[in-house]
Amino acid sequence: MRFTNLFAPTLRQDPADADVVSHRLLLRAGYIRRVTSGVYDLLPLGLRVLRHIETIIRQELDAAGAQELLLPMVQPAELWQQSGRWDKYGRELLRLVDRHDHASCLGPTHEEVICHLVAGDLRSWRQLPMNLYQIQAKFRDEVRPRFGLMRGREFTMKDGYSFHADDEDLAREYDHMFATYQRIFRRLGLNFRAVEADTGSIGGNRSHEFHVLADSGEDLIAYCTECDYAANVEKAISGRAKPLATGNEQPLAQVATLGVTEVDAVAKLLDIAPSQLVKTLIYRVTGGELDGKTIAICIAGDDQLQEIKLQRAIHAEALEMASDAEITEAGGVIGYIGPQGLTCPLFADTALQAACDLIAGANQNNTHLRHLSMPRDAANAHYFELRQSCADDQCPHCGGTIALARGIEVGQVFALGRQYTEPMEVGFQDRDGKRATATMGCYGIGVSRLVAAIVEQCHDEAGICWPMAVAPFQVALITLGNGEMVTEASAELYQQLTEANIDTLWDDRKERPGVKFKDAELMGLPLQLVVGERGLKDGMVELKPRQGEKQLILLADALSHCLQSVANPQ
């Protein structure tokens with residue numbers, strides 16, 4: 001590709017509305033343009049990167065035995081009603097009605113459609129297992145789309161689905177896809193971690209997320225520094241670095257805390273550690289057996305409640321902080337809520353289960369209680385692992401130290417079981433001639449999000465630094481000057497590189513050298529091959545990796561050097 005023919009409008013200044021590195025650089029380097037909130041054009045450079053990512057995904061999935069198909073983006077409402085998700089999925093599901101008053105939605109995911117397809121043609125256990133995937137545009141009506149391709153409303157996703165005769169075969173394929181995903185992300189040149197994850201709105205009983213490690217990541221992951229344990233904090237379990245005091249029960253005593261309600265302020269007033277306090281929170285529940293009720297939650301004063309853990313523990317669809325009126329009705333006093341005397345169901349974190357000598361709100365204005373014993377004074381509490389893991393916690397597997405890191409979720413695998421196949425009636429005749437329901441796995445990769453995630457991890461002050469495997473062009477051939485000698489040498493090199501199947505962008509513009517070098521670095525092409533009059537007089541050209549030292553090489557050896565660099569990137 002000649003630069004004079006390339007549509008890649010670059011920007012010299014950072015866009016005002018771009019908050020993260022990938023958003024800024026992809027806009028500045030001419031990879032994307034905003035259409036509307038959460039929706040972006042992929043320009044030629046951006047599309048080339050996306051296609052290279054797709055190629056790697058396809059190669060690995062096809063080698064793993066999966067088959068590619070393409071499902072419709074517009075999905076009929078009756079399929080979602082059959083699975084039970086039409087009303088449950090929430091406002092992210094963009095619903096629409098056509099001229100015939102038929103309700104549909106834009107697909108955010110395709111469990112229903114793939115089950116409908118397989119149910120229509122699956123007859124016998126001999127057809128199983130099967131693994132089907134697609135790479136397709138999706139739409140989720142995000143409440144707050146942000147960060148460019150990282151959190152858009154329309155995005156490109158690889159979603160795959162496997163069907164099995166039994167749970168043992170599902171477990172085998174789950175592990176197979178887990179290993180396949182690891183190979184994909186390694187080939188993309190990423191520093192990533194696979195972590196245990198909550199199954200979220202997709203459902204199922206087992207899931208792992210794949211996170212690209214980056215400071216801009218929206219997800220917080222906990223991992224052990226001494227073993228392989230890692231999990232999203234929504235799922236992570238760990239032990240407190242300093243367990244709470246136990247076995248020292250003393251009579252309850254009231255203490256005046258006039259106008260002091262915050263944990264740190266109460267701790268300072270009473271000259272105690274924040275961990276000695278009990279925070280009591282009151283929520284209103286939606287869904288499950290506690291639908292419409294208020295509940296109270298107790299955690300240690302220096303811990304944070306992980307709401308996803310609570311939601312899963314009580315099988316709720318959603319949680320919302322209780323109103324002032326609801327707190328009062330439950331027996332609480334705002335600012336001084338404690339577990340004693342509340343009339344609503346009480347839940348507590350397992351770290352508190354045997355804890356004594358605590359401070360808690362007295363459910364009286366300006367008053368706290370000393371010497372609270374959870375076994376004695378909150379005997380009606382139900383205990384679950386509800387706290388969010390913290391740095392320096394103890395690993396639940398090896399007792400090692402937990403650390404925290406930010407991650408960008410780029411993939412997730414689920415063991416769905418029969419959550420969708422039962423309501424969607426995906427059945428078959430088993431080995432004994434009896435009717436059975438297939439069990440199912442689900443495997444997703446955020447393809448367009450990967451474009452942004454790679455930039456978040458691969459950049460410097462000058463611009464993007466693409467790994468060789470996904471770069472839009474592998475070589476930036478930069479011609480310095482307009483003389484006949486450099487033009488002919490550049491044209492010959494361009495032909496050699498192209499015939500050798502090396503993706504080359506020939507900067508043949510009549511621009512100053514500084515402009516050409518800045519654009520090459522901003523766009524992040526892995527190799528720069530510079531042809532200038534001064535070097536050509538000695539039969540030399542300059543070769544420079546995007547983040548390496550330049551070297552002078554013989555013009556006659558330029559092709560072999562480029563071939564070696566492309567085949568063995570640093």
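Predicted model: local features only at pLDDT ≥ 70, side-chain atom pairs only at ≥ 80, totals over all residues.
## Overall build

The protein chain has 570 residues, of which 53% are buried. Its secondary structure consists of 14 helices and 31 strands. Among contacts between residues at least 6 apart in sequence, 69% join residues at least 24 apart.

The domain assignment divides the protein chain into three parts listed by residue range. Domain 1 is built from the segments 17–68, 111–237 and 404–455. Domain 2 covers 253–384, and domain 3 covers 473–567.

## The interface of domain 1 and domain 3

The centres of domain 1 and domain 3, taken over C-alpha atoms, are separated by 38 Å. Seven residues of domain 1 touch four residues of domain 3. Together the two domains bury about 570 Å² between them, and 62% of this area lies on carbon and sulfur atoms. On the side of domain 1, Ala 29, Leu 45 and Arg 48 supply 59% of the area buried against domain 3, more than any other three residues.

One salt bridge is found across this interface. In this salt bridge the side chain of Arg 48 meets that of Asp 503, with 3.7 Å from N to O. One residue pair in polar contact is also found across the interface of domain 1 and domain 3. Helix 1 (21–28) and helix 2 (44–63) each contribute at least two residues to the side of domain 1 that touches domain 3. Helix 2 gives the largest share of that side, three residues. By type, the residues on this side of domain 1 are four nonpolar, one polar and two charged.

Is helix 1 mostly covered or mostly uncovered? Seven of its eight residues are buried, and helix 1 is therefore described as mostly covered. The buried residues are Val 21, Ser 22, His 23, Leu 25, Leu 26, Leu 27 and Arg 28. They pack against several elements, including strand 1 (32–36), strand 2 (39–42), helix 10 (447–457) and helix 12 (513–523). Just after helix 1, Gly 30 adopts a positive phi of about 80°.

## Salt bridges

Side chains of opposite charge can pair when their charged atoms come close. In this model the count comes to 35 salt bridges. Three of them are set out below.

| Pair | Closest N and O atoms |
|---|---|
| Asp 14 and Arg 24 | 3.9 Å |
| Arg 48 and Asp 503 | 3.7 Å |
| Arg 85 and Glu 111 | 3.0 Å |

Asp 14 lies in the segment before helix 1 and Arg 24 in helix 1, 10 residues apart. Asp 14 is partly exposed because its relative accessibility is 44%, and Arg 24 is partly exposed at 23%.

Arg 48 belongs to helix 2, whereas Asp 503 lies in the loop between helix 11 (484–499) and strand 28 (504–507); the two are 455 residues apart. Arg 48 has a relative accessible area of 27% and so counts as partly exposed. Asp 503 is likewise partly exposed, at 26%.

Arg 85 is buried because its relative accessibility is 6%, and Glu 111 is buried at 0%.

Salt bridges also form a network, which links Arg 240, Asp 302, Asp 303, Arg 387 and Asp 393.

## Two buried residues with polar contacts

Thr 109 occupies the loop between strand 6 (103–106) and helix 4 (111–121). Its relative accessibility is 2%, so Thr 109 counts as buried. The side chain of Thr 109 makes a polar contact of 2.7 Å with the side chain of Glu 111. Beyond its sequence neighbours within four places, Thr 109 is in contact with residues including Arg 85, Tyr 89 and Lys 138.

His 371 is part of strand 19 (residues 367–372). With a relative accessible area of 18%, His 371 is buried, because the limit is under 20%. Its side chain makes a polar contact of 2.8 Å with the side chain of Asp 357. Leaving out residues up to four places away in sequence, His 371 touches Gln 250, Leu 358 and Arg 376, among others.

Terms used. Residues numbered from 1 in each chain as written. Heavy atoms only, no water. Helix = DSSP H or I, 4+ residues; strand = E, 2+ residues; numbered from the N terminus. Buried < 20%, exposed > 50% of the residue type's maximum accessible area, 1.4 Å probe, protein only. Polar contact = N/O pair within 3.5 Å; in protein donor to acceptor, adjacent residues only side chain to side chain. Contact = heavy atoms within 4.5 Å. Domains from an automatic or database assignment. Buried area = accessible area lost by both parts, 1.4 Å probe. Salt bridge = Lys/Arg side-chain N within 4 Å of Asp/Glu carboxyl O. Nonpolar A, V, L, I, M, F, W, Y, C, P; charged D, E, K, R; others polar.
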